Amino acid sequence: MRLALYRSLLKAGALLCALLLTASGPAFAQTGARRSIDIPNIPGYLTLKCDFHIHTVFSDGIVWPTVRVQEAAHEGLDAIAISDHDDYAPHRPDIPVSFHRPHEIAKSAADAAGILLIPGLEISRHEPYGHHNAIFLTDISAFPFWENNSKAVLDTLGSYRIAARQGAFLFWNHPWTMPPFWRSGEGSVWTAAQDTIYGNGWLGGIEIVNGRHYDANAHRFCIEKKLTMLGNTDIHNLTAYEYSIFEGGHRPMTLVFARERTVEGIRDALVSRRTAVWSGDTLIGEARYLQPIFNQAVTASAPRIELTSGKSAAFVLSNTTDVPVVLQRNAGETELEKMIDAPSQLTIPAHGSTAVQVRSRNGQQTKSLTGKLGYRVKNFLVAPEEGLAATLPVEIVVHPAR
C-alpha cells in the first residue's frame, strides 16, 4: 500500500513539475543565466560539452523533456541526447510510450536555447548484452517497445540491427552494472555478447564514466579496442539536485573535439574518437587531446628563470580553467632535473594560482644547464592510474658557481 502511494505521489510530482516548467517554454531557457564552462578549445577543434545519456518522464526519469534542455542551457552545455529506455515506462498510463515524442517536445526549446539536440534511445537488455545508447537516429519510432525485455528472447539483437541500419552511433552504457558482475566489485567484464556487437561493427564507444562512477576496466577496453570514451550523467532526477549545480558543482560530461558546432560535427568527432571525459576534478582521455588542454590551462609568471648553483628563485603557476591541475614530480631524469630541488607535489586550483620555489643544488658543473621540470598530471588520466606527462612552462637555466 505504501509503495503504491509513493508511486502515485512520484507520478503526480513529476507531472506537476513538467506542467509548470513546460508552461514557461523556451523563454525559461533564454532568461536563465548561462554558465560558461572554461575548458579551452584545442588547435584545430572546438571543445564541445555534451551529455549523451539522459532520461525524461517518457521512461523512468521524473522531468519533462524541455527541462533537460533548460538544465543544459543553464549549465553551459553544447549538446544533449535524450535517451529514454526502450523497455521500461513506469509512468504509464499517465504518459504513453512514444520514443520519438521526447525529442519532438524538446526540439523548439533546444533551438531557442542554442542547444544541439541529438535523437537517441537506450536499448536496455538483460544480461549478457547490457544497455546501449543509440544516438543520431533517423526514425526512433521504428524501434519496438519490449516491456521488461518480454520479447528479448525472440530477437535479442533486433534493435541493434535497426540502429545500425539508421547509421546510429552505438555505445555501451555503465558496463560494470551488468549482472552478475556488478556485485563482484571487479568492474566491467567483456563478454562473448560484446564480442558479437563489436564484431558486427556496431559498437562505437563505451561509457567509462556514468554518473559519479569511473571504471578502469571500461577505460582499458576503450584503449585496447580503439573505442570512443564517453562520460555521461544517466540522469533521472534534476541535475541541480544530483550535482549541486547552484553551489558550483558540475555534471560529468563528454568533451567532444569537433571541427564545427553542429550535430554532424559531433557525430564526426565521436566516430573519429576525438573525445575526453570530465568527471569531478578529473579529465580522462588520450594524451593528444589532454596535452593541448594542459598547455593552454597552465601559465607561468615568468617564462624563464636563471639560477646560480646553490641559489633559489620563485615563480607563480596559474590555471585558467575549471579543472584543478594536480602535479607529481618525476624522478630526476635529465641532468638539469637532477640539479634542481622543487616541490614533489603541486596543486593549481581551478582559476587559481600557486607559488613554486626551486633551488639549484651545489654541484661541480662546468657548463650552464637549460631545460624544464617534468611532472605527471595526476588528474589528467591517459590510462588507468597513469597521469599525463607534462613539463612546467618555465625554462630554467642553472649556471655554474662563480
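In this predicted model, four strands form an open sheet in the order β12-β14-β18-β16, with antiparallel pairing (two strands pair if DSSP finds at least two bridges between them; strands are DSSP runs of E of at least two residues and helices are runs of H or I of at least four, numbered from the N terminus). The edge positions belong to β12 (298-300) and β16 (340-341), each of which has a single partner strand, so one side of each is left without a neighbour in the sheet. Because the model is predicted, local features need pLDDT of at least 70 and side-chain atom pairs count only at pLDDT 80 or more, whereas totals for chains, interfaces and linings use all residues. Residues are numbered from 1 along each chain as its sequence is written, and side-chain values use heavy atoms, with hydrogens and water left out.

**The chain as a whole**

- The protein chain has eleven helices and 22 strands, and buried residues make up 54% of its 402 residues (buried means under 20% relative accessible area, exposed over 50%, and partly exposed in between, with a 1.4 Å probe and protein chains only).
- Among contacts in the protein chain with a separation of 6 or more, 71% are between residues 24 or more positions apart (a contact means heavy atoms within 4.5 Å).
- Carbon and sulfur atoms account for 53% of the accessible surface of the protein chain, which comes to about 17400 Å² (by the Shrake-Rupley method with a 1.4 Å probe; for residues, only the protein chains shown count as cover).

**Within the antiparallel sheet**

- Seven bridges join β14 (residues 312-319) and β18 (residues 353-360) in the antiparallel sense, and Ser318 stands opposite Ser353 in β18.
- Helix α10 (residues 287-297) lies across β12 and β14 and runs at about 35° to β12 (axes are lines fitted to C-alpha atoms, for helices over the stretch in contact, and angles run from 0 to 180 degrees between N-to-C directions).

- Strand β6 (residues 203-210) pairs with β8 in the parallel sense over five bridges, and Gly231 in β8 is the bridge partner of Val209.

**Helix α6**

- Ala193, Gln194 and Ile197 are buried in α6 (residues 192-199), and they cover an arc of only 95° around the axis, which puts them on the same side of α6 (the arc is that of the directions from the helix axis to the C-beta atoms).
- On the other side of α6, Ala192 and Gly199 are exposed, while the buried residues of the helix pack against β4 (131-135), α5 (158-165), β5 (169-172) and β6.
- The N-terminal end of α6 is capped by Thr191, with a side-chain oxygen 3.2 Å from the backbone nitrogen of Ala193, and just after the helix Gly201 takes a positive phi of about 80°.

**Backbone features in loops**

- Arg92 and Pro93 are joined by a cis peptide bond with omega about 0°, and Pro93 lies in the loop between β2 (79-82) and α4 (101-113).
- Ser244, although not a glycine, has a positive phi of about 50°; this residue lies in the loop between α8 (239-243) and β9 (253-258) and is partly exposed at 33% relative accessibility.
- His351 likewise has a positive phi, near 55°, in a residue other than glycine; His351 lies in the loop between β17 (345-348) and β18 and is partly exposed, with a relative accessible area of 44%.

Methods
A polar contact is a pair of N or O atoms within 3.5 Å; within protein, one must be able to donate a hydrogen and the other to accept it, and residues adjacent in sequence count only if both atoms are side-chain atoms.
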